[in-house]
Amino acid sequence: MSVLALPAYAQLSDADEAALTDLYRRGTPANTLRAWERDLAYIAAWKMASFGRPLNWPEDEKVALRFILDHAQDLTEKQGVAQDVAMELIAIGLRRELTCPSPATLDRRIASWQAFHRMRNLPSPFSSPLVQQARQKARRANARPRVPKSPKPVTRDILEALLASCDDSHRGIRDRAMLMLAFASGGRRRSEVTALNVEDVGLEDFAAKGLVWLRLLETKTTNRDQAPRLPMKGRAARALVHWLDVTKLTSGPLFRPVSLSDRPLPRRLASDALRTILRRRLVLAGLPADFATPHGLRAGFLTQAALDGAPLAAAMKLSLHRSAVQAQKYYADVEISENPATDLLGD
C-alpha cells in the first residue's frame, strides 16, 4: 500500500482522489516521503508478526498500546512474543537489535503512523488518553542524554588543517572545493553537496564581486518549489571556480569520483562520499579518522558563527534551519569564556 493512498470517499470522484494524492506528494519533502515509506514498512511488518493481520484504518487502540510497550523495553533477555517479533524484524532487515529503540525513533514512527491516519481523515489511536500517557512514560523511562551527531564541530582551525592536506591534484582540488563549500555555504548536509550539478552554480557575479551563487534544488527543510540560492564568497568561491576551471565541467554532476590516474570520472559521487573524503583528510591532517563526521562541518559553521559573534538569524539564513531553538543549541555549546561579548571593552 502506498503511503499516500487515500480511502475512497463518496463525495470525491476518482479524479479528485488522484489530485489529492498528488497534492500530498508534491507538498511533502522527498526525504519525508522516504522516511514515511520506511516507517510504513516497519509498522506493517510489526503488526503482521504480532497479530497475524494487516494494518487497519483506523487502527485499534490496543494495537497502538502494544506497539509502545514492545518498543519501550530491552528485549535482549526478555523471552516472549515481543522478542520473537523483534527477531523476525531483525531477520528481514527492518530492525537492527533487541535493545530498546531510542525515544526519538519511537516518536518518529508514531508520528508517521499518525500522519497516515490524517491523510485518510481518520482519528489516530495515539490520541487516546491511555495511549498518550503510555507514550509519555515510555519517553521518560528511556530518556538518553543528547549525543551530538559529530564528535567535534569542524571549526575554522580544524578546517584549515584539512585544507592544508589537499594538494594540487584533481583529487586535492576537488576535496578542497567540497570541504570549503560544505562549510562556507552554511554547513551543507553531505547529500546536498553530492546532489549539486554544475548548472546549480551561478557565476554571474564572480568576476565583479568574487561571489558564487549555489542553487539547492532540495534540502531537508525545503523542496524544489522553494530552491533557495545561497551566496558563497572569498576563498571558498575561488576554490569551487578552480575546480570547474581545471576540470572544464559545463554540465552534469558538480563533484565526481577521481580515478587512480587522477582523472575525473563522468558520474556522480555517492551520497556518502563526503564521509569517506573527510575521514581521509582527517588522517592526513594528523587527526583520528573518527574525530568528526560530515555533520561536523554543519555544526562547525554554526559554532564558528557563534565564536565570531555573527547573529543567529544571519547564520540561519545560510544553514536553512527552520527552528531557532535547534540552531541555538550550537550557540549554547560555545564556551562562555570564548563568547565574543566578553571582549566588548577590548584588551
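What share of the contacts in the protein chain with a separation of 6 or more is accounted for by residues 24 or more positions apart? With contact taken as heavy atoms within 4.5 Å, such residues account for 62% of these contacts. The structure is a predicted model, in which local features need pLDDT of at least 70 and side-chain atom pairs count only at pLDDT 80 or more, whereas totals for chains, interfaces and linings use all residues. Residues are numbered from 1 along each chain as its sequence is written, and side-chain values use heavy atoms, with hydrogens and water left out.

The protein chain comprises 15 helices and three strands, assigned as DSSP runs numbered from the N terminus (helices H or I, at least four residues; strands E, at least two). Of its 347 residues, 44% count as buried, that is, under 20% relative accessible area with a 1.4 Å probe and protein chains only.

The three strands form an open sheet of order 1-2-3 with antiparallel pairing, where pairing requires at least two DSSP bridges between two strands. Strand 1 (201-202) and strand 3 are the edge strands, each pairing on one side only. Helix 11 (residues 234-247) packs on this sheet and touches strand 1, strand 2 and strand 3; its direction makes about 95° with that of strand 3, from lines fitted to C-alpha atoms, for helices over the stretch in contact, on a scale of 0 to 180 degrees between N-to-C directions. Strand 2 (residues 211-215) is joined to strand 3 by five bridges. In strand 3, Leu230 and Met232 make up the covered face, while Arg229, Pro231 and Lys233 lie on the uncovered one.

The second largest pocket has a volume of about 390 Å³. A pocket is an open set of points on a 1 Å grid, with protein on both sides within 12 Å along at least five of seven lines, and lining residues have an atom within 4 Å of a point. Of the 16 lining residues, Met180, Phe183, Ala184, Lys233 and Phe301 are the closest to the centre. Two or more residues each come from helix 7 (156-164), helix 8 (170-184), strand 3 (229-233) and helix 13 (295-307); helix 7 gives the largest share, four residues.

Notes: 1 Å grid on protein atoms, 1.4 Å probe; cavity = no way out; pocket = protein on both sides within 12 Å on 5 of 7 lines; lining within 4 Å. Points joined across faces, edges and corners; volume = space filled by probe spheres on them. Buried < 20%, exposed > 50% of the residue type's maximum accessible area, 1.4 Å probe, protein only.
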